[in-house]
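Please walk me through this model in the viewer. Tell me what to select at each stop and what is there.

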Amino acid sequence: MKIRSPRNWQTGLLLLVAIGLLLLAASGYLGSVVKTTLDPLVGVQRWLSSRYLAVYDFVTVPRDVASLRQRNIELENQASQLQAQVVQLQQQLREAQLLYALLDFARERPENEYIAAAVVGRDPSPFLHYVIIDHGSDDGIRHGMPVVTDQGLVGRIDAVTAGAARVQLISDSNSAVNVHLKNSQTDALLSGSITGDLTLEMIPQDIILQQGDLVLSSGLGANYPADVMVGQLISVRKKETDLFQTASVQPAVDFTSLRAVLVIANFRPVDIAPLIPTPAP
Amino acid sequence: MDKLLAILSVFILLMLQIGIFSNLRLLHGTPDVVLVAVIAWALNERVKTSWIWGIAAGVMVGFVSALPFGAVLAGYIAITGFARYLQKRVWQTPLLAMFISILFGTLLMAGIAIVDLTFGGAAFEVQNAFSQIILPTILLNLMISLPIHFLFIDFADWAYPLKDEA
């Protein structure tokens, strides 16, 4: 019988230990031992790594600052360019939305011919409510033509030059529009004021007015087309001693932020003054 | 050259007025940059074109505004004359002259508008006009008068430089 050498015993023993360790590790019994052993090593490694990175940064930062500053300038320039583009695009989007709204309004009323114009200024006097538009007689605009937006009635052309025109808003104190109250089925006179407030006048006392009643142009007097939205009734003032009741109207158009308008080119106001009888002397 | 500069300056100021300043509202009042500029220019002692500024402003504002042309022109000429008069009388206190002229000018232009509206048949309460339009306009004009005053002093120095005494 051949006696096995001590070297074979050592190898066998090592294999047994290795297999034992593997089995212990696989069954999870070695976890706490490994953790206890490795934690200090990881801490030391972390300390070494942080110190190394600190030294590395200290050595390399001057070069990086220069390149970072350069990069920062480039990015800032790019950001400002993009911001300018965003502002420009937002402006274009607003203009496009406005024009689309006007276009929709024009499509809904194919019987009218419209001339679109941008509002470029306001009357210098705070007592007057006029705006200046960038289209004039060269574009076919004439005195007296009604001006509207997609929201409603704006006013009418008061003065015209070759390239511009002045529009009297319905909120001007010298403006008067014949209107019709949709729900109450009655006519009234809408007049402006120096503060831009709209007032309904000449409403008979027996008419029952309601808040929210829609006010449309009636077309009487032939200065404005009929059935154009003017505003909404917000409050009524009724005194039994007065002949007529009056009411305040919230205009449909925001006159403070008018940007673009439509001039109704095929509407010509009729001068009915000669038809109005004058009292005999 | 002075006259051309005057017309060009008033034109630019009018563009600013109808494009920007007429949209700046305090209650229902708006600043009148053309009026303040005409006064600030007229209150400069060395300036020789103050009347040109007044007439140019009157013509241009009268053309753009719906107020009667003649009344606006006369108003601006009167305001220029008043500012020149004050410049000679209270020359040691230009800011005081500026404030008095602005008060006079704003009230005069408001008076012109009120008379025009009254003749046009517009119904309004003067008290309402005073509190809602005239007072805020005076306040706004006074607010913009200081920067315009100092700006126009520099402008006058540039347009009419002092000659060195030999």
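**Chain A as a whole**

Start by selecting chain A of this predicted model; its secondary structure amounts to two helices and twelve strands. Followed along the sequence, the order is α-α-β-β-β-β-β-β-β-β-β-β-β-β. With 281 residues, chain A has a radius of gyration of 42 Å, well over the 19 Å from the globule rule, so the chain is more spread out than a compact globule. Along the principal axes, its C-alpha atoms fill a box of roughly 160 × 50 × 40 Å.

Colour chain A by burial next: 26% of its 281 residues are buried. Of the contacts in chain A between residues at least 6 apart in sequence, 57% join residues at least 24 apart.

**The side of chain A that touches chain B**

Now show both chains and select the contact, to which chain A brings 19 residues and chain B brings 24 residues. On the chain A side, strand S1 (114-122) and strand S2 (130-133) are the elements giving two or more residues. S1(A) gives the most, with three residues. By class, this side of chain A holds eight nonpolar, seven polar and four charged residues.

**The largest nonpolar core**

Select Val154(A), Leu190(A), Val34(B), Ala37(B), Val38(B) and Ile39(B), which touch the most other members of the 90-residue largest nonpolar core. Then pick helix H2 of chain B (residues 33-42), whose ten residues are the largest share of this core.

End at Ala37(B): leaving out residues up to four places away in sequence, Ala37(B) touches Leu13(B), Ile148(B) and Phe152(B).

Technical notes
Residues numbered from 1 in each chain as written. Chains lettered and ligands numbered in written order. Predicted model: local features only at pLDDT ≥ 70, side-chain atom pairs only at ≥ 80, totals over all residues. Helix = DSSP H or I, 4+ residues; strand = E, 2+ residues; numbered from the N terminus. Rg over C-alpha atoms; globule rule 2.2 N^0.38 Å. Buried ≥ 20, exposed ≤ 12 C-beta atoms within 10 Å, placed from the backbone. Contact = placed C-beta atoms within 7 Å. Core = buried A, V, L, I, M, F, W, Y, C linked by C-beta atoms within 7 Å. Nonpolar A, V, L, I, M, F, W, Y, C, P; charged D, E, K, R; others polar.
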